[in-house]
Amino acid sequence: SDGQLVVRQDLNLMGEGAELSILQASPTGRQKVGRVLLVEGGNVSVTGITLRNGQTSDVRYSGGGIHVGKSGTLSIYDSIIERNQSEVGGGIYNEGELRLIGSIVRDNLVGGGIHNAAGGVLTIEDSFITGNSDDSDGGGITNKFGKLVIKTSTISENYATGGGSNIWSGGGGIYNDGELDLDHVIVKDNSTKRERGGGGGGGLFIRGGVVTLSNSTINGNYAANGAGIYNHGLLTLTSSTLSGNYADMTGGAMCVEGGTVILENVTVSNNFAFDEAAFGCPHGDLTIKNSTITANHAEGAGGGGAVNRVTLINSIFAWNSASLDADCRGSATSLGNNILGANCVRSPSSNDLIDVDPKLGPLQDNGGSIFTHALLEGSPAVDAANTRSAPKVDQRGVARPQGAASDIGAYELTQ
């Protein structure tokens with residue numbers, strides 16, 4: 001079996017720590033001697049071991065480091081999966097049940113870090129997915145019609161080429177076409193090929209499926225379009241921040257190319273693009289509720305972004321910058337109680353505030369686990385939201401309202 005360890009029954013592999021216990025297919029990874037571990041069946045656990053230097057082109061079993069078959073269950077604790085290669089699933093290919101706890105998946109090539117296939121169930125907790133690359137989609141993780149849950153983990157410095165003749169490709173950090181749930185996750189410094197024709201979604205490319213993202217940060221990702229997120233699915237973001245993402249063309253924070261996106265208690269700040277720095281590719285529907293969209297910059301038009309299919313309520317969408325249409329490119333729909341830049345809506349509500357200074361502090365740690373913009377003394381956002389429409393807490397988890405009414409935006413001023 002090409003030197004790989006093949007498991008078909010229950011087994012516990014216990015090492016002395018990932019730095020001390022090494023299970024490798026070859027000393028350097030340059031020889032094509034097969035993968036490291038194949039779990040065809042049984043309930044298997046790996047603890048405190050590094051699995052590395054696997055390489056396979058076996059079309060039946062992808063996964064250079066590890067392959068988990070449909071009848072297999074694998075739990076990996078406190079381990080490292082590194083420097084493996086495969087056309088699909090450079091580090092790990094899963095079509096069974098896989099749990100990755102307190103572990104690192106790093107520096108796997110060609111097929112990315114992890115590929116979660118149709119029918120696969122993948123749970124990642126307290127782990128790092130970093131420095132992996134893929135010649136197409138999902139440098140860090142690809143979720144292809146599977147179920148993926150990620151908690152308290154970091155997805156960073158992964159790369160996917162994407163692009164070419166296939167517009168449905170990208171995802172430097174994560175590529176999703178299944179069910180995806182992220183909670184307390186940092187997606188940062190991931191990228192796709194950035195020149196014209198490159199892939200979208202430096203941080204996250206959502207080809208389809210249902211995605212929920214909460215208490216998370218999307219920061220410092222790069223792409224040609226949709227540097228933070230590129231969406232075609234059903235995406236719900238709550239209590240999260242998108243900041244410091246950079247698109248060479250459009251959609252620094254997000255491209256809403258299709259599907260539906262809902263933002264609640266979300267901060268979108270300090271993102272950059274040539275056009276439409278916050279929200280680009282306006283072909284899907286975007287609802288923004290009690291969120292703060294500010295300090296985004298476009299070299300061309302639309303610092304806040306393209307808003308023709310955007311609905312706003314209880315939100316700050318102001319003080320962005322661009323050479324043309326500083327805040328909004330097009331006209332959004334207002335459901336009231338917003339602070340908006342000039343010309344963001346054709347028919348403002350009577351309780352919208354237009355072209356006023358929201359008086360925001362810098363993007364920083366104001367409590368909670370995610371950076372926010374605090375409301376400063378005298379901010380017109382204080383007590384100016386529709387309390388009945390507002391969530392019961394702000395982005396940090398502070399109860400609303402603190403005063404006579406809830407505050408506009410993602411931050412509730414403590415009184």
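Trainee: Is Tyr175 buried or exposed?

Mentor: Tyr175 counts as buried, because its relative accessibility is 4%. Buried means under 20% relative accessible area, exposed over 50% and partly exposed in between, with a 1.4 Å probe and protein chains only. Keep in mind that this is a predicted model: local features need pLDDT of at least 70, side-chain atom pairs count only at pLDDT 80 or more, and totals for chains, interfaces and linings use all residues. Residues are numbered from 1 along each chain as its sequence is written, and side-chain values use heavy atoms, with hydrogens and water left out.

Trainee: Okay, how many aromatic pairs does a search of the whole structure find?

Mentor: Four aromatic pairs turn up. Rings of Phe, Tyr and Trp (its six-membered ring) pair if their centres lie within 6.5 Å; planes under 30 degrees apart are stacked, over 60 edge-to-face, and the rest tilted. One of the pairs is Tyr175 with Phe205, stacked at 5.5 Å centre to centre with 5° between the planes. Tyr175 sits in strand S21 (residues 174-188) and Phe205 in strand S23 (residues 204-214), 30 residues apart. Strands here are DSSP runs (E, at least two residues), numbered from the N terminus.

Trainee: And what do the rings of Phe205 and Tyr230 do?

Mentor: Their centres are 5.1 Å apart and their planes at 5°, so that pair is stacked too. Tyr175, Phe205 and Tyr230 make up one aromatic cluster. Phe205 is buried at 0% relative accessibility, and Tyr230 is buried at 10%.

Trainee: Switching topic: how many disulfides are there?

Mentor: Two, a disulfide being a pair of cysteine sulfur atoms within 2.5 Å. Cys255 is joined to Cys281, S to S 2.0 Å. Cys255 is in strand S29 (residues 254-256) and Cys281 in the loop between strands S32 (279-280) and S33 (285-289), so the bond ties together parts 26 residues apart in sequence.

Trainee: Which cysteines form the other one?

Mentor: Cys328 and Cys344, with sulfur atoms 2.0 Å apart. The torsion about their S-S bond is about 85°, so this disulfide is right-handed. Both Cys328 and Cys344 are buried.

Trainee: Which residues line the largest cavity?

Mentor: Cys281 is one of them, and the lining also includes Val256, Phe279, Leu286 and Arg309. A cavity is a set of points on a 1 Å grid over the protein atoms alone where a 1.4 Å probe fits but cannot get out, and lining residues have an atom within 4 Å of a point.

Trainee: How much space lies in the largest cavity?

Mentor: About 60 Å³.

Terms used: Helix = DSSP H or I, 4+ residues; strand = E, 2+ residues; numbered from the N terminus. 1 Å grid on protein atoms, 1.4 Å probe; cavity = no way out; pocket = protein on both sides within 12 Å on 5 of 7 lines; lining within 4 Å. Points joined across faces, edges and corners; volume = space filled by probe spheres on them.
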